[in-house]
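Visitor: Could you walk me through this structure, step by step, while I look at it?

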Amino acid sequence: MKQGPKQEELIERILQLGEKAFRELIPILPKEWLQLDLTMSQLKVVLLLFMTGSVRMSDIASALGVSLATATGVVDRLVERDIVLRESQPEDRRVVLCRLSEKGQKMIGGLWQLARDRAKELLEVAAPSQLQLITEALEVLLTAGEVTRGDSQSRQG
């Protein structure tokens with residue numbers, strides 16, 4: 001889709017505002033995120049599991065861009081700390097699914113809730129008409145996400 005100068009300017013302005021909005025939500029997170037005591041790879045696995053639920057070990061390796069052996073080592077350390085659970089499939093024992101334990105859910109869920117609470121504080125200042133605009137804008141973004149995901153899946157398939 002060809003974009004004109006006005007559309008490009010609007011997109012750039014939206015991206016700038018999005019960065020500012022993200023930074024507005026961040027002030028409460030750094031301390032809590034820094035206290036997680038997770039490596040970057042472990043944090044990526046925990047976030048992947050939080051966002052997607054149960055995931056195959058091979059998908060974790062693919063998402064991290066590492067070998068299955070490396071991903072297994074990362075998950076092993078999370079299992080030892082009771083953050084991740086590893087489960088075999090009864091119908092195919094070669095398939096190993098990983099999911100967050102209750103402790104892992106609480107850990108990441110708490111951080112998620114902090115960000116949600118901060119967003120709520122910001123939204124409570126807005127007038128109903130502004131909230132309606134924000135709602136419509138988010139719905140447009142979500143629809144665009146579905147369209148672009150569908151496009152990328154049809155190109156891969």
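This is a predicted model: local features need pLDDT of at least 70, side-chain atom pairs count only at pLDDT 80 or more; totals for chains, interfaces and linings use all residues.

Visitor: What pattern of helices and strands does the protein chain follow along the sequence?
Guide: The protein chain holds 7 helices and 3 strands, and of its 157 residues 20% count as buried. Among contacts between residues at least 6 apart in sequence, 51% join residues at least 24 apart. Read along the sequence, the pattern is α-α-α-β-α-α-β-β-α-α.

Visitor: In what order do the strands lie in the sheet?
Guide: β1 (55-56) and β2 (84-89) are the edge strands, each pairing on one side only. β3 (residues 92-100) pairs with β1 in the antiparallel sense over 2 bridges, and β2 and β3 pair in the antiparallel sense over 6 bridges. The open sheet of 3 strands therefore has, with two strands counted as paired if DSSP finds at least two bridges between them, an order that reads β1-β3-β2.

Visitor: Which residue in β3 is the bridge partner of V55?
Guide: The pairing to look at is that of β1 with β3, which is antiparallel and runs over 2 bridges. Within β3, the bridge partner of V55 is C98.

Visitor: At about what angle to β3 does helix α3 run?
Guide: Helix α3 (residues 40-52) packs on the sheet and touches β1, β2 and β3. Helix α5 (residues 68-80) lies across β2 and β3, running at about 115 degrees to β2. For α3, the direction makes with that of β3 an angle of about 95 degrees.

Visitor: Are α3 and α4 parallel, perpendicular or oblique to each other?
Guide: Helix α4 (residues 57-64) packs with α3 at an angle of about 125 degrees, with the two axes 11 Å apart. Angles of 65 to 115 degrees count as roughly perpendicular and those over 145 as roughly antiparallel. The pair of α3 and α4 is therefore oblique.

Visitor: Is the crossing of α3 and α4 left-handed or right-handed, and which residues meet there?
Guide: On the α3 side the residues are S41, K44, V45, L48 and L49, and on the α4 side they are I60, A63 and L64. By class, this contact of α3 with α4 has 6 nonpolar, 1 polar and 1 charged residues. As for the handedness with which α3 passes α4, the crossing is right-handed.

Visitor: How many charged residues does the contact of α4 with α5 have?
Guide: The axes of α4 and α5 come within 8 Å and cross at roughly 100 degrees, which makes α4 roughly perpendicular to α5. M57, S58, I60 and A61 in α4 meet L68, A71, T72 and V75 in α5. By class, the contact has 6 nonpolar and 2 polar residues, and the number of charged ones is none.

Visitor: What is phi of D82 near, and where does D82 lie?
Guide: D82 lies in the loop between α5 and β2, and at 39% relative accessibility D82 counts as partly exposed. Most residues other than glycine have a negative phi. D82 is a residue other than glycine with a positive value, near 60 degrees.

Visitor: Is S101 buried or exposed?
Guide: S101 lies in the loop between β3 and α6 (102-123). Leaving aside neighbours within four places in sequence, S101 is in contact with D82, I83, V84 and L85. The cut-off for a buried residue is under 20% relative accessible area, so at 2% relative accessibility S101 counts as buried.

Note on methods:
Residues are numbered from 1 along each chain as its sequence is written. Side-chain values use heavy atoms; hydrogens and water are left out. Helices (H or I, at least four residues) and strands (E, at least two) are DSSP runs, numbered from the N terminus. Contact means heavy atoms within 4.5 Å. Axes are lines fitted to C-alpha atoms, for helices over the stretch in contact, and angles run from 0 to 180 degrees between N-to-C directions. Buried means under 20% relative accessible area, exposed over 50%, partly exposed in between (1.4 Å probe, protein chains only). Angles under 35 degrees count as roughly parallel, over 145 as roughly antiparallel, 65 to 115 as roughly perpendicular and the rest as oblique. A crossing is left-handed if the near helix is turned anticlockwise from the far one by less than a right angle, and right-handed if clockwise. Ala, Val, Leu, Ile, Met, Phe, Trp, Tyr, Cys and Pro count as nonpolar, Asp, Glu, Lys and Arg as charged, and the others, Gly among them, as polar.
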